[in-house]
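Here is a short briefing for a first look at this structure. Keep the sequence and the 3D view at hand while reading.

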Amino acid sequence: MLQRVNLWAGSVLILFGGAVIGIGSSLPQGTLTRMGAGFMPFWLAVIVVVFGCIILLEGIWKDERVSIPLHDLRPAFFVTLAIILFAILIESAGFLISAFLVSVTATLASPEQRWRRNLIQSGLIALGSALLFLGVLQINLPLLPR
């Protein structure tokens, strides 16, 4: 299916980084000592675009073709879906439920399913994440649904 992987990967990174830069351009940048809400997303997106350019150029210079069967895209699909779910659910479902569902969704990326272990692991990840982000770092997010 995909034969010139570096061309695709570089292009996706450049598009993603460019989109983040464009979307985040309305956020205040601030300074290095007093960072605004858009400071980290902007500079991380710049780094992603730079890496995307490097990978894209490598794909142009090297004519390296790789065949990726469609079933190998399963991990990328479920991990991406988990990230999107988190973004959608965090405000309405709360951090604990969102983190649990994200972890369960990400485990679907593996072809081997051990549901009991995955559910216990996801619960522990959700509790540990809540403790770290809401307790220790005091991130202002709802723990449970409002």
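Leu 96 has a relative accessible area of 22%, so this residue counts as partly exposed. Buried would require a value under 20%. The model is a predicted one.

**Leu 96 and its surroundings**
- Leu 96 sits in helix 4.
- Beyond residues up to four places away in sequence, Leu 96 touches Ala 126, Leu 127, Ala 130, Leu 143 and Leu 144.
- Leu 96 and Pro 142 lie 46 residues apart along the chain, yet 8.5 Å separates their C-alpha atoms.

**The largest nonpolar core**
- Six residues form the largest nonpolar core: Ile 90, Phe 95, Ala 99, Ala 126, Ala 130 and Leu 134.
- Helix 4 (95–107) and helix 5 (115–136) are the elements that each supply two or more of these residues.
- The biggest share comes from helix 5, with three residues.
- Phe 95, a member of this core, has contacts with Phe 86, Ile 90, Ala 126, Ser 129, Ala 130, Phe 133, Leu 134, Leu 141, Pro 142 and Leu 143, leaving aside neighbours within four places in sequence.

- Leu 32, Met 35, Met 40, Leu 44, Ile 47, Val 50, Phe 51 and Ile 54 make a nonpolar surface patch of about 800 Å².
- One of these residues, Met 40, belongs to helix 2, which covers residues 39–61.
- Is Met 40 buried, partly exposed or exposed? Its relative accessibility is 44%, so Met 40 is partly exposed.

Note on methods. Residues are numbered from 1 along each chain as its sequence is written. This is a predicted model: local features need pLDDT of at least 70, side-chain atom pairs count only at pLDDT 80 or more; totals for chains, interfaces and linings use all residues. Side-chain values use heavy atoms; hydrogens and water are left out. A nonpolar core is a set of buried Ala, Val, Leu, Ile, Met, Phe, Trp, Tyr and Cys residues joined through side-chain atoms within 4.5 Å. Buried means under 20% relative accessible area, exposed over 50%, partly exposed in between (1.4 Å probe, protein chains only). Helices (H or I, at least four residues) and strands (E, at least two) are DSSP runs, numbered from the N terminus. Contact means heavy atoms within 4.5 Å. Patches are made of residues with over 30% relative accessible area and no salt bridge: like charges are joined within 9 Å, nonpolar side chains (Val, Leu, Ile, Met, Phe, Trp, Tyr) within 5 Å. Accessible areas come from the Shrake-Rupley method with a 1.4 Å probe; for residues, only the protein chains shown count as cover. A salt bridge is a side-chain nitrogen of Lys or Arg within 4 Å of a carboxyl oxygen of Asp or Glu.
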